[in-house]
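Student: I would like a close look at a single part of this model, with the terms spelled out as you go.

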Amino acid sequence: MTPMHSMTGYGRGQAMSQSAKVIAEIQSVNKRQTEVLVNLPAMLASLESDLRAKIDRTLHRGRIIVTISVSGPAAHHHPVIDSDLANLYLSQFKHLQQELALPGDITIETILRAPGVVSASEQVVLDSSTRSAVNTAVDLALEHLIQMRAKEGGTLHKELLRRISAIGRALSKIRKLQPRVAKRYRALLLERVQKIGLELTLDDDRLTKDVTFFAERSDFSEEVNRLESHLDQFLETTNKQQAIGRTLEFISQEIGRELNTLSAKANDAEISRLVVECKAELEKIREQVQNVE
């Protein structure tokens with residue numbers, strides 16, 4: 001399988017601890033830099049930094065959203081009793097009962113029903129079983145995410161190769177057409193001179209100097225050489241076992257610069273048409289590279 005990965009994907013993992021079920025979901029979308037968003041229940045807050053580090057080590061580009069949920073006893077709200085507040089209520093209730101000379105018993109039910117005495121909290125100490133389940137679920141989600149990104153990356157790879165090959169074929173045609181540019185200019189110049197009544201031959205020094213100057217000014221052989229080199233570099237980069245998106249973006253920019261220079265120097269309708277075709281392919285390449293990790 002091609003090493004190229006897309007930035008778009010989704011993965012889901014599930015694992016069981018001794019008392020709960022952990023589900024991890026990871027989705028990623030295009031983004032020039034890396035951005036990791038982690039959504040955790042409060043009981044897993046202590047794991048956030050470790051999970052971020054795990055994601056950073058594995059994924060190198062894109063906006064990555066990690067969502068983890070826990071169901072089962074480990075995720076239940078645990079009651080918390082405020083003993084100080086309960087004692088304060090009891091003292092105040094007794095004082096009020098004496099002050100008003102009211103009969104009746106102040107029971108535990110009375111105290112527990114008082115506002116704030118009993119509250120719920122998710123703050124629990126994670127045991128090793130729950131930690132292990134979270135890591136397992138995240139690892140599975142990452143594995144599935146990477147598989148999806150790799151599959152889409154394979155499709156991207158084929159499409160990029162097809163478009164780079166199209167540019168390469170156009171450059172081959174342009175290279176073959178290059179020698180005729182000066183010849184056409186020489187013939188056109190001679191025709192114009194003869195139309196105004198001047199007698200010049202093809203080997204006239206003045207004509208030769210003008211054609212030579214034109215040929216030097218419109219020589220685009222270096223641009224074609226650099227473009228072919230950029231295409232080779234692009235193809236080599238697509239096979240590297242690492243994050244290559246930013247490198248491909250840079251090479252695409254360089255290809256665009258050389259095509260602009262070539263277009264300015266062409267002075268030939270057919271060559272200009274081929275350059276336009278190359279630019280159209282390059283625009284598609286730039287759009288697709290935006291989704292390469």
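Student: At what angle do helix H6 and helix H7 pack, and how far apart are their axes?

Tutor: This is a predicted model, in which local features need pLDDT of at least 70 and side-chain atom pairs count only at pLDDT 80 or more, while totals for chains, interfaces and linings use all residues. Residues are numbered from 1 along each chain as its sequence is written, and side-chain values use heavy atoms, with hydrogens and water left out.

Helix H6 (residues 221–238) and helix H7 (residues 245–266) pack at an angle of about 160°, and their axes lie 10 Å apart; helices here are DSSP runs of H or I with at least four residues, numbered from the N terminus, and axes are lines fitted to C-alpha atoms over the stretch in contact, with angles running from 0 to 180 degrees between N-to-C directions. H6 is therefore roughly antiparallel to H7, a label given to angles over 145 degrees. The crossing of H6 and H7 is left-handed, meaning that the near helix is turned anticlockwise from the far one by less than a right angle. Their contact (heavy atoms within 4.5 Å) includes Leu227, Leu231 and Phe234 of H6 together with Leu248, Ile255 and Leu262 of H7. By class, this contact of H6 with H7 has nine nonpolar, seven polar and five charged residues, where Ala, Val, Leu, Ile, Met, Phe, Trp, Tyr, Cys and Pro count as nonpolar, Asp, Glu, Lys and Arg as charged, and the others, Gly among them, as polar.

H7 also packs with helix H8 (residues 269–289), at an angle of about 165° and with the axes 10 Å apart, so H7 and H8 are roughly antiparallel to each other. H7 passes H8 in a left-handed crossing, and among the residues that meet there are Leu248, Ile255 and Leu262 in H7 and Val275 and Leu282 in H8.

Note on methods. Helix = DSSP H or I, 4+ residues; strand = E, 2+ residues; numbered from the N terminus. Parallel < 35°, antiparallel > 145°, perpendicular 65-115°, else oblique.
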